[in-house]
Amino acid sequence: MNIVKFFALVAISSLCGGCVASPPSPVTESPADAFTTAQRPQPRALKVATWNTEHLAYPGDGGCKPRSNTQLSAMRRYAASLDADIIALQEVDSKQALRLIFPDLHWRLILSDRPNSQPYQCRENGYLSTQQKLAFAIRREVPLLSITHVKDFGLDLPDLRYGLAVRVDSPTGPIDILNLHLKSGCFVDDYLQSDTQACRVLAKQADVLNEWIAQREKSASPYLVLGDFNHRISASYNRLSRVLLNNERSTTITTRNLLSCHPRHSALIDHILAGGMPTERITESAQIHTYADEGAMLSDHCAVSVSLSADSPRLSTALLWQTTSKEYQLVSRAIYQQAQQALAKVPADLQNWVVVMDVDETVLDNTAYQKQTEIAGTGYSPATWDTWVQSEQASLVPGVKPFIEAIFQRGGKLALVTNRNRRLDIHTWRNLQELGIPITTANTCLIGRHASDQDALDHKLIRNDKDLRRQQIVQGDAPCFGHPHESKTSWSEPHNIVLQVGDNIEDFSGLTQQQADIGTVLPQIGKTLFLLPNPLYGSWQ
């Protein structure tokens, strides 16, 4: 397919746009019946609850919380009253115990694969304890995509519980749901200020949870974290709350304003955290489900729930195309293959030749940032963009890495001319290195935007705000990142620009959106100029 056909595809996608590393030590399985319900109509809302059942045992009259048939019947009625599609459960002995409350006919039952712990003598009745595992009860109408046993929460200690995660298809798309039951006994707001064993364990589990959330924030994946935190995270000054929630994350404690149903404890420790999606409506839907007879609680915890609505804002067509379509992958990789072929035509005796490239949506893929802003409904802002750049979490545009490696293999240099603020160059540099791009200050000149780029515009020799920097590269006086001021380097000599690569017409010398002549530019496309698709943003807006 030639480059003209590629750009026809890009043009179509742009019109539509006008209409925009794995979690710690998981063991993931694909449920055998995960696909049996995948084609069924999805509800307009998905209701998710968490409930610590307090020693739900089998037989029901055993363990530390023996229950009569009457009490088990009351628990079944209570579970039905939740009207939930997914219920995360804590302190469950076995699947047989689950079936006392949730019949197989209507529910898919999932139990943590943590090995059984040693029983102990219950303080209340002298019976032997039963297992306290995590579980999910998921209505069979809900498409279950995967199950993950997150063993790292167990810290290789025999009595700690694993995390249990599922991915399901919700009205707003796939979502990860992590069920957890953290270490009990650390009753201070700052676990780092206590040297008790319980607090030391909780601190380590907090690190595991923080990493699990960070992975989903990095990929902008929707998620819920719910269960028994055994900790008062609703307080804003609580350390765990401050670790998990920060200005760079979308994480919200949706149940923060709820009060406990327990007569002796007003602070709730069962919570539902949400991130990677709009959370305002989820927070509004949060509720606690009290028992009909408060004097005879069925468990020492009440269930809490939230609803995920299909009315939540949807991602733009342009973003979906750029992040999910095979067309984008093919177009991008093919353009870089064509650019790599053009390198072979660089004269062997040409000295100091350089390829000039844009960075964003040319080398680095920032669609995760775009997704965050669309989910939050905020759009681009300089403040959130700078925060994103400083996070150094952008990924690579398809096909770019082998192209850059080919430049260096053929003896060329790379100039990255970006409109990121120049004071952020260190973060761009580290992001590229982390992604395995073999840049050094000798083979690569990175130049961010500076006020002088705008000041230099004369609409004759300097027509767009990257022209000054390209001119400096050619003249040998470019202010490259990592070079001491006024020191002589390999970039202090004149250079020959052989190729230019970007996603915007203004990534090319002397061109602007308003003045570019298509008839003049077209013969250079695919030869010395290579233009990547970007329906998300640009000088065309």
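1. The structure under discussion is a predicted model.

2. Two packed helices are described by the angle between their axes and the distance between the axes. Helix 8, which covers residues 326-343, packs against helix 11, residues 400-409, at an angle of about 10°, and the two axes lie 9 Å apart. Because angles under 35 degrees count as roughly parallel, helix 8 is roughly parallel to helix 11. On the side of helix 8 the contact is made by Tyr336, Ala339, Gln340 and Leu343, while helix 11 contributes Val400, Pro402, Phe403, Ala406 and Ile407. Sorted by class, this contact of helix 8 with helix 11 holds eight nonpolar residues and one polar residue, and no charged ones.

3. In soluble globular proteins, nonpolar side chains tend to be buried together. The largest nonpolar core of this model has 42 residues, and among these Val355, Met357 and Phe403 touch the most other members. Two or more residues come from each of helix 8, strand 14 (353-357), helix 9 (367-376), helix 10 (382-391), helix 11, strand 17 (413-421), helix 12 (425-434) and strand 19 (496-502). Helix 8 gives the most to this core, namely seven residues.

4. Which residues does Met357 touch, not counting residues up to four places away in sequence? Its contacts are Tyr336, Thr362, Val363, Val400, Phe403, Ile404, Leu414, Ala415, Leu416, Val417 and Val501. Apart from the core described above there is a second, separate one of 29 residues, which includes Leu56, Phe102, Cys261 and Leu298.

5. The count of salt bridges comes to 14. One of them joins Asp453 and Arg422, whose closest N and O atoms are 3.8 Å apart. Asp453 lies in helix 13 (residues 451-455) and Arg422 in the loop between strand 17 and helix 12, so this pair ties together parts that are 31 residues apart in sequence. With a relative accessible area of 1%, Asp453 is buried.

6. Asp453 also forms a salt bridge with Arg469, and here the closest N and O atoms are 3.2 Å apart. Since Asp453 belongs to helix 13 and Arg469 to helix 14, the pair ties together parts that are 16 residues apart in sequence. Both Asp453 and Arg469 are buried. Elsewhere, salt bridges that share partners join Arg167, Asp176 and Arg216 into one network.

7. A further salt bridge is formed by Arg449 and Asp465, with the closest N and O atoms 2.5 Å apart. This pair links distant parts of the chain, for Arg449 is in strand 18 (residues 444-449) and Asp465 is in the loop between helix 13 and helix 14 (467-475), 16 residues apart. Are the two partners buried or exposed, or in between? Arg449 is partly exposed, with a relative accessible area of 30%, whereas Asp465 counts as buried at 9% relative accessibility.

8. Arg470 is another residue of helix 14. Why does Arg470 count as buried? The relative accessibility of Arg470 is 2%, and buried means under 20% relative accessible area. Not counting residues up to four places away in sequence, Arg470 touches Val356, Asn464, Ile497, Gln500, Glu506, Asp507, Phe508, Ser509 and Gly510.

Terms used: Residues numbered from 1 in each chain as written. Predicted model: local features only at pLDDT ≥ 70, side-chain atom pairs only at ≥ 80, totals over all residues. Heavy atoms only, no water. Axes fitted to C-alpha atoms, helices over the stretch in contact; angles between N-to-C directions. Helix = DSSP H or I, 4+ residues; strand = E, 2+ residues; numbered from the N terminus. Parallel < 35°, antiparallel > 145°, perpendicular 65-115°, else oblique. Contact = heavy atoms within 4.5 Å. Nonpolar A, V, L, I, M, F, W, Y, C, P; charged D, E, K, R; others polar. Core = buried A, V, L, I, M, F, W, Y, C linked by side-chain atoms within 4.5 Å. Buried < 20%, exposed > 50% of the residue type's maximum accessible area, 1.4 Å probe, protein only. Salt bridge = Lys/Arg side-chain N within 4 Å of Asp/Glu carboxyl O.
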